[in-house]
Amino acid sequence: MSAHCQLTGASPSFGKKVSHSHRRTSRRWDPNIQNKRYFVPSLGRSVRLRLSVRGIHLIDRIGIEAAVARIQARGEKV
């Protein structure tokens with residue numbers, strides 16, 4: 001799953017695009033996914049994460065150690 005945040009679990013949502021004539025076609029709203037590198041002192045190395053911007057703000061609030069613990073608790077590799 002390419003448009004998926006490793007921390008918050010945000011994934012695309014789906015819906016319809018409605019034109020002026022009210023025709024409906026399928027579309028998707030992707031989360032704003034960014035690739036970020038963080039140094040994790042407990043692991044002694046840098047980790048590369050695919051995060052939504054909301055996930056980046058969450059790391060700023062709780063710290064990288066707590067964020068990595070949440071990701072690993074979900075069962076994802078870091």
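In the predicted model, helix H2, which spans residues 64-74, has Ile-64, Ala-67, Val-68 and Ile-71 among its residues as buried positions. Viewed down the axis of H2, the buried residues fall within an arc of 95 degrees, so they line one face of the helix. This arrangement can be set beside the geometry of an α-helix, in which there are 3.6 residues a turn, so that residues three or four places apart point the same way. The cover over the buried residues of H2 includes strand E3 (33-40), strand E4 (45-52) and helix H1 (53-62). Just after H2, Gly-75 adopts a positive phi of about 100 degrees.

The largest nonpolar core comprises 16 residues, of which Cys-5, Leu-7, Tyr-38, Leu-49, Leu-51, Ile-59 and Ile-64 touch the most other members. At least two residues of this core come from each of E3, E4, H1 and H2, and H2 gives the most, with four residues. For Leu-49, when residues up to four places away in sequence are not counted, the residues touched are Gln-6, Gln-34, Asn-35, Lys-36, Tyr-38, Ile-59, Ile-64, Ile-71 and Val-78; among these, Ile-64 and Ile-71 are buried residues of H2.

With neighbours within four places in sequence left aside, the contacts of His-4 are with Gly-9, Ala-10, Ser-11, Ile-33, Arg-50 and Glu-76.

Conventions. Residues are numbered from 1 along each chain as its sequence is written. This is a predicted model: local features need pLDDT of at least 70, side-chain atom pairs count only at pLDDT 80 or more; totals for chains, interfaces and linings use all residues. Side-chain values use heavy atoms; hydrogens and water are left out. Buried means under 20% relative accessible area, exposed over 50%, partly exposed in between (1.4 Å probe, protein chains only). The arc is that of the directions from the helix axis to the C-beta atoms. Contact means heavy atoms within 4.5 Å. A nonpolar core is a set of buried Ala, Val, Leu, Ile, Met, Phe, Trp, Tyr and Cys residues joined through side-chain atoms within 4.5 Å.
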